[in-house]
Amino acid sequence: MPEQTKGLVLAGVGGQGVILAGMIVADALVRAGHDVKQSEVHGMAQRGGSVFSHIRWGQSVDSPLVPEASAEVLAAFEWAEALRWVSYVREGGAVVADLRTIVPPGACRNTRSWATTYPGVDPDLFVDRRLTAHLVDAASTATELGNVRTAGSVILGAVSRFCGIDQIHWEAAIESLVPRGTEEVNLAAFRAGCEVGEATIPVAPAPPEGFSGPHQIEIDHTWCKGCDICSRVCPEYCLAVDLRGQLNVVNADVCTGCHLCELLCPDFAISIHPPSTEVVTAVD
Ligand code: SF4
Ligand code: SF4
């Protein structure tokens, strides 16, 4: 009897590494001997918009698109994206979701009330279709391991149990595709994600970052090259590059914490902290 084609959906926000994660999943499945087809949409990635990747695998796969209500597992890098894509999971399937909440930049502007724009949670979305939830705080785990950019590997670790392939293939795919020099920390993140167990659906999402007061902007000038990307994308005009090519905070009291600048900085030179965090110094 031919092997049944299976599907997986990865979804997140531009800058979270959804596309790389999709490449790793596809590579791991190919290494395990499956026919694999992948499709992705990332046109809004540079604007903090939704990014998703569909992956199907089996003996012979015709189409890369996962039909609704058929995926084995949804890997959501952000909680609202989990809700957006949950209908793609088959009855009895699994949702691996990062509890991180990112307010879309468009919703940030002028509202000052994330609670009115961020989606609430209807637990029936999960319960009625007997979905299991595996919830992660991937960014915190990755930070504890020493590199917040490995959060995607934490999520992949949690996803790996639903794909039915040996861990050796996952680890080989990670080693071959993550940026050079980060193989070990990504493998550690992946293994940490493998330990994530089933959880109950939270009735209320974690409060999204933002709107609890102006966030704090930290610039690492040893890494910043003054490319101007962050200042151009900031919806609140908090940043500006001066005539010497140095990035400055020019509007500190209106930062909503949308993290767009942090996500899009190619040099990891800017960090956004919640209002209550004590930011000791910005390196100059
Ligand atoms: S995007 Fe990064 S490197 Fe470019 S100006 Fe902003 S902080 Fe500096
Ligand atoms: S400084 Fe960064 S986090 Fe703050 S509003 Fe601008 S883009 Fe968003």
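Biologist: What should I know before I start reading numbers?
Modeller: This is a predicted model, where local features need pLDDT of at least 70, side-chain atom pairs count only at pLDDT 80 or more, and totals for chains, interfaces and linings use all residues. Residues are numbered from 1 along each chain as its sequence is written, while chains are lettered from A and ligands numbered from 1 in the order in which they are written.

Biologist: OK, how many helices and strands are there?
Modeller: The protein has 11 helices and 10 strands. Both are DSSP runs numbered from the N terminus: helices are H or I with at least four residues, strands are E with at least two.

Biologist: How much of the protein is buried?
Modeller: Of its 284 residues, 42% count as buried. A residue is buried if 20 or more other C-beta atoms lie within 10 Å of its own, with C-beta atoms placed from the backbone.

Biologist: Which residues are buried in helix H8?
Modeller: In H8 (residues 167-177) they are Trp170, Ala173 and Ile174. Seen down the axis of H8, they fall within an arc of 100°, so they line one face of the helix. The arc is that of the directions from the helix axis to the C-beta atoms.

Biologist: Why would residues three or four places apart point the same way?
Modeller: Because an α-helix has 3.6 residues a turn.

Biologist: And what do the buried residues of H8 pack against?
Modeller: Helix H1 (18-31), helix H7 (151-160) and helix H9 (183-194). Contact here means C-beta atoms, placed from the backbone, within 7 Å.

Biologist: Now H6. Which residues are buried there?
Modeller: Ala138, Thr141, Ala142 and Leu145 are buried in H6 (residues 138-145). Down the axis of H6 they fall within an arc of 95°, so they too line one face. Their cover includes strand E5 (89-98), strand E6 (132-136), H7 and H9.

Biologist: What comes just after H6?
Modeller: Glycine 146, with a positive phi of about 110°.

Biologist: Switching topic: how many residues has the largest nonpolar core?
Modeller: It has 58, and Val9, Leu74, Ala76, Val96 and Ile155 have the most contacts inside it. H1 gives the most to this core, with 8 residues. A nonpolar core is a set of buried Ala, Val, Leu, Ile, Met, Phe, Trp, Tyr and Cys residues joined through C-beta atoms within 7 Å.

Biologist: Which residues come nearest to ligand 1?
Modeller: Cys224, Cys227, Ile229, Cys230 and Cys265, of the 13 residues around ligand 1. Being near means a C-beta atom, placed from the backbone, within 6 Å.

Note on methods:
A residue is buried if 20 or more other C-beta atoms lie within 10 Å of its own, exposed if 12 or fewer, and partly exposed in between; C-beta atoms are placed from the backbone. Two residues are in contact if their C-beta atoms, placed from the backbone, lie within 7 Å.
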